[in-house]
Amino acid sequence: MNTDIENLFKDKVLGHPGGLFVLFFTEMWERFSFYGMRVLLVLFLTAPLLGGNPGWDWPREHALSLIGTYASLLYITPILGGYIADKFIGYRLAVALGCLLMTLGHASMAFETQWSLYIGLAFLIIGTGFFKPNMTAIISTMYEGHEEKKDGAYTIYYMGVNAGAFFGIMLCGYIAENVGWAWGFGLAGIFMFMGMVQFWLAKALFGKIGDKPEKVVQEEKVELKEGEKLNPFSAIDKILIALSALGGLLYLFNDPLSKIGSINLLDFNLGNYDGNTITILTALFLFLFLMVSRIIRYTSVVRDRMIAVAIFGFFTVFFFAAFEQSLGSMTIFAKDYTARALTGSSASIFKVVDAILTVGPLVIVTWVLYLLFKKTYSKIGLSNIVLAISFIGVWAVVLWKLNREYSIEGTEVPASWFGILNSFFIITLAPLFSKWWESKYNPSAAMKYGLGLILLGLGFGLLAYGSSGIPQGAKTASISMIFLILAYLFHTLGELCLSPVGLSYLSKLVPGRMIGIMFGIWYLAIAIGQKAAGTTGGMIDKITSEYSLSTFFLMFTLIPIAVGAISILLNPLLKKLMHGVR
């Protein structure tokens, strides 16, 4: 029996150990800073040089190229960060190191120079690599022997994720757009720092959970089920991994470098294809060859299930390539093509709704903070004080925001405000989907993927319809915001169908000894989707000038719906490949 785990379960908050809520608030501040900064990036980079709140006036293609590479790398570094924590420094130190690096990243970005921006993004990418995988690893360790409560623990934890995203987008976005970009970036950094301090000061609560791993002298024996066999990586496999990784990284870095800095690391052509295209296609071919050559070496059942995972991974790339337009083209649509200026009763109604959306969740989270205080103040009082100061700061910003809004006539909805809708709809609708998955009407994996992709496409269909009256090549318009709100609703419905189930099916389909590498490959699929989102989103000006903005969004309507239909049609085959796994 692990006494540290049992000690954690002595002081419960809402039926779970107080340590879970320390992680809840740490994750909340990290997501606050991450999403608060993320939503600002495309707005800041593309804002005009002249005006009350000047930006850098980058072409949209350049901004989305950089953002696509940034978002993609965020899903690659956790593979390395998890390995380092697992083998060398432990989960808790990795989380604290990640928080520190991200704090430095936000601080660097607040200077608003080109080099400070790049340095800041680098710190954020590396910091996320240490933070992202190891928070969930701590929770998994905490609940050893209490597996029946693990689902509830992750549900609470992901509420912290969405609460942080919600407040970060709303407050950092509001301050950045109404006061100054540096203030928005700076606010994100302040709360990241507070989250780091409160987490580190709470270490006494965890005992040795998440400590530096002890050295194990003996080799771990791998238990194989009947009919299974080991499939060690050969020298050829390792060479293919190295070459495909090198090609992928070269493409990720060279794409923004060649567009923004006119530094082309791949300055060659082969026929009608440039170096960038040749490199990424070669890397993808080598990676696919590696996957196929490894899959055929497994026993039949494992091989079939791995093929099913690969197919789901293929669908995942298409999903995120469209879904993550929220970071780029949809934010641009909110800024330049949406009627955000409200007057009269419309402005009054929005202010009331915005106040309820802001204050309601904050009251609930503050109440959770109070419950945590009651149970843990005697053990981690200093951590609780830092957490209280953080919340006083959030309340101060919220009250200042509400007072400012009510003191002026009319209002202009910040372009960043629409980013909160995803978190709001997740918090509102997730319980309904959870009930659906637990009922007898729970769809198969292929049906969930198909439904998720189709709902995503329908959301873009609303934007295509709403923008159908915008003239070819127009840079601005005033489309009703209802189209954007409904698009976010449909996208969230699609996300709830697809995104949470991906890793769940992966853990069921893949043998335990292969979970680590397959999680890495899964994150790689998301990373490819993230970069594809930046690349395709960067085509908005070209497609709008040659065709129309409606055509641009129609592309993201038809492709996800078509891929979703393919997923549904493949349902019988995928069920067969999964060999009874549901």
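The model is predicted, so local features need pLDDT of at least 70 and side-chain atom pairs count only at pLDDT 80 or more, while totals for chains, interfaces and linings use all residues. Residues are numbered from 1 along each chain as its sequence is written, and side-chain values use heavy atoms, with hydrogens and water left out.

**Overall build**

The chain has 20 helices and six strands; these are DSSP runs numbered from the N terminus, with helices being H or I of at least four residues and strands E of at least two. Its radius of gyration, taken over C-alpha atoms, is 24 Å, close to the 25 Å from the globule rule (2.2 Å times the number of residues to the power 0.38) for 582 residues, so the chain is as compact as a globular protein of that length. The C-alpha trace spans about 70 × 70 × 50 Å along its principal axes.

Of the 582 residues, 53% are buried; buried means under 20% relative accessible area, exposed over 50%, and partly exposed in between, with a 1.4 Å probe and protein chains only. Among contacts (heavy atoms within 4.5 Å) with a separation of 6 or more, 83% join residues 24 or more positions apart. The chain exposes about 25900 Å², by the Shrake-Rupley method with a 1.4 Å probe, and 67% of that comes from carbon and sulfur atoms.

**The core**

A nonpolar core here is a set of buried Ala, Val, Leu, Ile, Met, Phe, Trp, Tyr and Cys residues joined through side-chain atoms within 4.5 Å. The largest one holds 167 residues, and Phe25, Leu45 and Phe312 touch the most other members. Helix 2 (residues 18-46) gives the most to this core, with 18 residues. Setting aside neighbours within four places in sequence, Phe312 is in contact with Ala445, Ala446, Tyr449, Leu509, Trp522, Leu574 and Met578.

**Rings and charges**

There are 37 aromatic pairs in the structure. Rings of Phe, Tyr and Trp (its six-membered ring) pair if their centres lie within 6.5 Å; planes under 30 degrees apart count as stacked, over 60 as edge-to-face and the rest as tilted. Here are two of the pairs:

| Pair | Centre distance | Plane angle | Class |
|---|---|---|---|
| Tyr75 and Tyr523 | 6.1 Å | 40 degrees | tilted |
| Phe320 and Phe323 | 6.3 Å | 85 degrees | edge-to-face |

The tyrosine pair links distant parts of the chain: Tyr75 is in the loop between helix 3 (60-73) and helix 4 (77-89), and Tyr523 is in helix 17 (residues 515-537), 448 residues apart. Tyr75 is buried at 18% relative accessible area, whereas Tyr523 is partly exposed at 21%. Phe320 and Phe323 sit three residues apart in helix 11 (residues 300-323), so about one helical turn separates them; both are buried.

Phe21, Phe24, Phe25, Trp29, Phe32, Phe191 and Phe391 form one aromatic cluster.

A charge sits over a ring if NZ of Lys or CZ of Arg is within 6 Å of the ring centre and within 35 degrees of the ring normal. Arg294 does this over Phe233, 3.8 Å from the ring centre, and Lys401 over Tyr174, 5.2 Å from the centre.

**Positive phi**

Asp57 is not a glycine, yet its phi is positive at about 55 degrees. Asp57 lies in the loop between helix 2 and helix 3 and is partly exposed at 43% relative accessibility. His579 also has a positive phi, near 50 degrees. His579 falls in the segment after helix 20 (571-578) and is partly exposed, with a relative accessible area of 35%.
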